[in-house]
Amino acid sequence: MRFVTAAALSACLAVPALAAEIPGLPTISVERREQVVRDGFRYDKLAPELKARIEQDDTQRLCTEYRNEPPPEVAARIEKAALDSIVFPEDGKFLGDWKKGEALSLNGYGLRMGDDPKRQVGGNCYACHEMAPTELSYGTLGPSLKGYGKLRDYAQDAIKDAYIKIYNPNATVACSTMPRFGAKKILSIDDIRHVLAFLFDPNSPVNRDE
Amino acid sequence: MRIGRFLAQCLAATCLATAAAAQSENPLEEYRRLLADPFANPGYLFVDRGEALWHQKRGPKNASLEQCDLGLGPGVVEGAYARLPRYFADADRVMDLETRLMWCMVNLQGFDEATIKKSAFSKRGGQSDMEALVAYVAEKSSGMKFEIPLEHPKEKEAYALGEAVFYRRSSYFDFSCSTCHSQDGRRIRLQELGNMTRQEDAARAMTSWPTYRVSHETLRTMQHRMWDCYWQMRMPDLDYGSELSVALITWLTKNAEGGELAVPSIKR
């Protein structure tokens, strides 16, 4: 009896299935949505570089359409295109300076309206990931990267996989939440090498216990 | 009378706060608790300035806002914010509080819309009339629950549009609103993120705006919150009062329905 009451009560308190409860909601066409978005940023008055921020590329368009859960054949297409987009370091060296990588991981500056385009754009890894155990201000949108290199025995394949993941995470999983740092030219190849060193250098605080 | 009630509330809150202070061991919680003390909330200065602005004859037409219809009839301020956004026949569009105030300032007082938009968000230490007016009107719904009509076809369209836009990815980082706001219990750095597809989280967010932002040294509104999110998403400046902004606010407010307003709040 008590259980029944509790169940009934929790059913009342349950989160409403939001849109489903509102009758007569119209379907919004892609054209209508895009028109509202463009108007919302006064698209016609913007410089080309800012117009490009509003326009969706194929990956963004498909991931929006499927709300990040594309059917297998679409996912395969996105992953193939992402893999094709990757430019590897010409000299075959993946690891830079872990101290520079740490600075990039902490740095969230850049590409916002009003940001100085001459200043270094950060990777802002700590916004979403735990990295060095000594840094307590980390986000949890992405998985913990604590001990990343050590846990993978600093293997060459793991380093290459991480390069691919940072350059274009859609090559690993279609419609990843993570930005395409290389493919969208947020970070340079050298920047990515520094971040990789932060993840894979045995002396990096990421791979130290304290 | 109003000030008297405010003072009494503040004194009571201060006493309770002092009693609780010794028990708090988490510095972050302690900081948040201190912020929640209404006696220390400069947001109420904006409420008072907004009240004066509402009644004052201003603009090229030398008119007050006392005949402004916020949805419950001309001049009705009490409870109006808890019923917005909604469709307004005279403007033939869905409006949130700020769009509606702007409409009244243009049509009743003769102010120029572009000028209002330019000064809607105050600079550090600046004085935005809009921020003060929003504080005044919203405070008159404090303690009430959000409940918006969503009956008119344009209100329904605004809700559906808001949801569609919430999931739209773009710009350098491929972010959509949902990137940060569709999962439970996540953080950016130490900042907790609300899951706006859940009533509890949407309510926690929507019932605490407008808010006095300590780091901004001013009171911030929901339009500013939308602009700020897009700024973080590396998008261009969101147009103040745009259909896009109102659609998102409509979707969020509907999701927050049932949440009880406690404004102006104070945040870091």
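Modeller: The domain assignment divides chain A into domain 1 (30-57) and domain 2 (98-207); such bounds come from an automatic or database domain assignment. Taken over C-alpha atoms, the centres of domain 1 of chain A and domain 2 of chain A are 29 Å apart. This is a predicted model, in which local features need pLDDT of at least 70, side-chain atom pairs count only at pLDDT 80 or more, and totals for chains, interfaces and linings use all residues. Residues are numbered from 1 along each chain as its sequence is written, while chains are lettered from A and ligands numbered from 1 in the order in which they are written.

The contact between the chains draws 41 residues from chain A and 41 residues from chain B, two residues being in contact if their C-beta atoms, placed from the backbone, lie within 7 Å. On the side of chain A that touches chain B, at least two residues each come from α2 (30-40), α3 (48-54) and α4 (58-65) of chain A. Helices (H or I, at least four residues) and strands (E, at least two) are DSSP runs, numbered from the N terminus. The most is given by α2(A), with five residues. By class, this side of chain A comprises 24 nonpolar, nine polar and eight charged residues; Ala, Val, Leu, Ile, Met, Phe, Trp, Tyr, Cys and Pro count as nonpolar, Asp, Glu, Lys and Arg as charged, and the others, Gly among them, as polar.

The backbone geometry comes next. Most residues other than glycine have a negative phi, and most peptide bonds are trans. In chain B, the peptide bond from L84(B) to P85(B) is cis, with omega near 5 degrees, and P85(B) sits in the loop between α3 (43-55) and β1 (86-88) of chain B. The bond from V263(B) to P264(B) is also cis, with omega near -5 degrees; P264(B) belongs to the loop between α11 (243-255) and β7 (265-267) of chain B.

Positive phi values occur as well. N124(A), not a glycine, has phi near 55 degrees and lies in the loop between α6 (98-106) and α7 (148-151) of chain A. N124(A) is buried, with 22 other C-beta atoms within 10 Å; the cut-offs are 20 or more for buried, 12 or fewer for exposed, and partly exposed in between, with C-beta atoms placed from the backbone. D174(B), likewise not a glycine, has a positive phi of about 60 degrees. Its place is the loop between α7 (153-166) and α8 (177-181) of chain B, and D174(B) counts as buried because it has 26 C-beta neighbours inside 10 Å.
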